[in-house]
Amino acid sequence: MNDSENKKRSLAFSASEEPRFWWHRLPGSNYVPPIYAFLSEDEWQLMREWYAQTSRENLIGECAVPLMSFLQGFIMGNIIHRIVQLGTHSGYSALLLGFYLHKMGARRGLFSLEIDESFCHYARSWLKRAGLSNVVQVEHRSSLDPLSGTLAREYLGEAPELVFIDSSHEYGSTRDELDYWYRELAPGGTIVLHDTSEFAADFDVTKQGGVRRAFDEWRGRNPGVESFSFNKDVRSMDAPPSAGKDFCGFGLIRKSL
Ligand SMILES: C[S@@+](CC[C@H](N)C(=O)[O-])C[C@H]1O[C@@H](n2cnc3c(N)ncnc32)[C@H](O)[C@@H]1O
């Protein structure tokens with residue numbers, strides 16, 4: 001990788017036709033978003049290599065710029081040092097959140113659960129290369145395992161301040177994850193869950209309504225809890241330009257004190 005390409009950071013992605021780089025081809029997106037601009041040269045170089053390798057090996061399943069931008073701003077603005085992630089995949093958000101937590105001085109800051117053992121090995125190897133092994137733990141375990149909450153608390157030192165759900169996208173599992181992890185969350189803590197739009201309901205392989213239905217029902221059962229569903233009504237990637245750019249949508253739940 002040469003230096004001039006490294007300097008362009010994510011601007012170079014706009015020339016790619018790979019579906020994963022859809023955001024970088026949007027009109028007006030010809031700038032480096034803060035999620036990448038904030039990284040050191042070495043950190044960005046590692047992310048570039050991660051992108052190149054995961055493209056070659058077809059290990060693509062990460063969230064994209066809009067949601068990661070929200071997470072970075074929310075975590076760094078609110079000094080959040082204890083995060084649980086449900087679904088690690090090949091490590092995109094584990095690496096970026098790890099870099100942010102590291103800059104914030106957090107150690108043992110992200111506990112990331114993943115049911116696929118090969119993804120656990122893969123993500124761990126990149127986290128080790130990134131020097132983040134003391135910031136992020138990838139745990140080979142289901143988000144719904146009765147021990148997951150206890151292990152997360154042991155690793156983080158206290159209950160999580162943020163739980164980021166981006167796992168099976170299935171209605172039944174998401175319904176159970178919301179109940180389980182709301183209990184595990186620290187008072188005043190936040191759940192961020194990806195894929196709450198109508199468009200993303202199709203990701204549910206059980207065809208039962210996906211994250212959207214699970215979240216809608218959870219909100220109905222918990223009317224006194226602050227929550228919000230962003231881009232809930234987006235049905236396709238052809239939403240008007242004024243809509244939020246994450247056509248998969250995301251939801252927020254804030255645990256009462
Ligand atoms: C969309 S990917 C996560 C991407 C990740 N948030 C990122 O941006 O890098 C979903 C992952 O969740 C994992 N998964 C699905 N169900 C799970 C469960 N019950 N517990 C833990 N991981 C799960 C899948 O194996 C898959 O790797």
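# Strands, pockets and rings: a short tour

In strand 4, Phe164 is the bridge partner of Gln85. The model you are looking at is predicted, and this pair of residues is a handy place to start exploring it.

**Strands around strand 4**

- Strand 1 and strand 4 run parallel, and 4 bridges join them.
- Strand 4 also runs parallel to strand 5, again with 4 bridges between the two.
- Which residue of strand 5 is the bridge partner of Phe164? Look for Val192, which takes that place in strand 5.
- Strand 4 covers residues 162–165, and both of its faces are covered.
- On one side of strand 4 you will find Leu162 and Phe164, on the other Val163 and Ile165, and all of these are buried.

**The largest pocket**

- The largest pocket holds about 860 Å³ of space.
- Its lining is made of 46 residues, and the closest to the centre are Gly61, Glu62, Cys63, Asp166 and His169.
- Several elements supply at least two lining residues each: helix 3 (41–56), helix 5 (92–103) and helix 8 (171–184), together with strand 1 (83–86) and strand 2 (110–114).
- Sorted by class, the lining of the largest pocket has 21 nonpolar, 16 polar and 9 charged residues.

**The second largest pocket**

- About 250 Å³ of space lies in the second largest pocket.
- Residues that line this pocket include Trp22, Leu26 and Pro27, as well as Ser236, Met237, Lys245 and Phe247.
- Three prolines, Pro27, Pro240 and Pro241, are among the lining residues of the second largest pocket too.
- By class, the lining of the second largest pocket has 9 nonpolar, 2 polar and 1 charged residues.

**The cavity**

- How many cavities of 30 Å³ or more does a search of the whole structure find? The search finds 1.
- The largest cavity has a volume of about 30 Å³.
- Its lining consists of Ile165, Asp166, Ser167, His169, Thr174, Glu177, Leu193, His194 and Val211.
- Helix 8 and strand 5 (190–194) are the elements that give two or more residues to the lining of this cavity.
- By class, the cavity lining has 3 nonpolar, 4 polar and 2 charged residues.

**Aromatic rings**

- A pair of aromatic rings is described by the distance of the centres and the angle of the planes.
- The structure holds 20 aromatic pairs.
- One of them joins Trp23 and Tyr31, with 5.7 Å from centre to centre and 90° between the planes. That pair is edge-to-face.
- Another pair, Tyr36 and Trp44, is tilted, with 5.1 Å between the centres and 55° between the planes.
- Tyr36 is buried at 0% relative accessible area, and Trp44 also counts as buried at 0%.
- Tyr36 and Trp44 belong to a cluster linked by ring pairs, together with Phe13, Phe21, Trp50, Tyr51 and Tyr92.

**Charges over rings**

- Arg213 lies over the face of Tyr171, at 3.7 Å from the ring centre.
- Over the ring of Tyr182 sits the charged end of Lys255, 5.2 Å from the ring's centre.

**Two loop residues with positive phi**

- Arg108 is not a glycine, yet its phi is positive, near 50°.
- You can find Arg108 in the loop between helix 5 and strand 2, where the residue is partly exposed with a relative accessible area of 43%.
- Asp195 has a positive phi as well, about 75°, although it is not a glycine.
- The place of Asp195 is in the loop between strand 5 and helix 9 (210–221).
- Why does Asp195 count as buried? Its relative accessible area is 3%, and buried means under 20%.

Technical notes
Residues numbered from 1 in each chain as written. Predicted model: local features only at pLDDT ≥ 70, side-chain atom pairs only at ≥ 80, totals over all residues. Heavy atoms only, no water. 1 Å grid on protein atoms, 1.4 Å probe; cavity = no way out; pocket = protein on both sides within 12 Å on 5 of 7 lines; lining within 4 Å. Points joined across faces, edges and corners; volume = space filled by probe spheres on them. Nonpolar A, V, L, I, M, F, W, Y, C, P; charged D, E, K, R; others polar. Phe/Tyr/Trp six-rings, centres within 6.5 Å; stacked < 30°, edge-to-face > 60°. Buried < 20%, exposed > 50% of the residue type's maximum accessible area, 1.4 Å probe, protein only. Lys NZ or Arg CZ within 6 Å of the ring centre and 35° of its normal. Pairing = 2+ DSSP bridges.
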